[in-house]
Amino acid sequence: MKNNIKVQRAIHNLTQAELAEKIGVSRQTINAMEAGKYVPSTVLALKLSALFSVGVNDIFKLEEGE
């Protein structure tokens with residue numbers, strides 16, 4: 001799964017630590033998601049969607065074959 005969390009963070013001028021605090025996870029979780037090493041739960045995806053004011057599908061994209 002691909003995501004554009006890093007782009008959304010830049011648009012909203014947030015560090016990984018600031019984003020993590022706002023949605024209740026560790027900075028390492030944000031780092032792992034941005035690196036594609038961690039697929040978030042539905043709840044976490046919805047929190048990101050609400051915070052960035054975009055749809056979940058605007059943040060996360062399935063790669064071909066997934």
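Modeller: Patches here are made of residues with over 30% relative accessible area and no salt bridge; like charges are joined within 9 Å, nonpolar side chains (Val, Leu, Ile, Met, Phe, Trp, Tyr) within 5 Å. A salt bridge is a side-chain nitrogen of Lys or Arg within 4 Å of a carboxyl oxygen of Asp or Glu. The model is predicted: local features need pLDDT of at least 70, side-chain atom pairs 80 or more, while totals for chains, interfaces and linings use all residues. Numbering runs from 1 along each chain as its sequence is written, and side-chain values use heavy atoms, without hydrogens or water.

Colleague: Which residues form the nonpolar patch on the surface?

Modeller: Met1, Val39 and Leu62, with about 280 Å² of accessible area together (Shrake-Rupley method, 1.4 Å probe, only the protein chains shown count as cover).

Colleague: Why is Val39 called exposed?

Modeller: Exposed means over 50% relative accessible area, buried under 20%, partly exposed in between (1.4 Å probe, protein chains only). Val39 has 51%, so Val39 is exposed. Val39 lies in the loop between H3 and H4.

Colleague: What makes Ala10 exposed?

Modeller: Its relative accessible area is 58%, over the 50% cut-off, so Ala10 is exposed. Ala10 sits in helix H1 (residues 5-11); helices are DSSP runs (H or I, at least four residues), numbered from the N terminus.

Colleague: What makes a set of residues a nonpolar core?

Modeller: Buried Ala, Val, Leu, Ile, Met, Phe, Trp, Tyr and Cys residues, joined through side-chain atoms within 4.5 Å. The largest one has 13 residues; Ile5, Leu19 and Leu48 touch the most other members. H4 gives the largest share, 4 residues.

How values were computed:
Helices (H or I, at least four residues) and strands (E, at least two) are DSSP runs, numbered from the N terminus.
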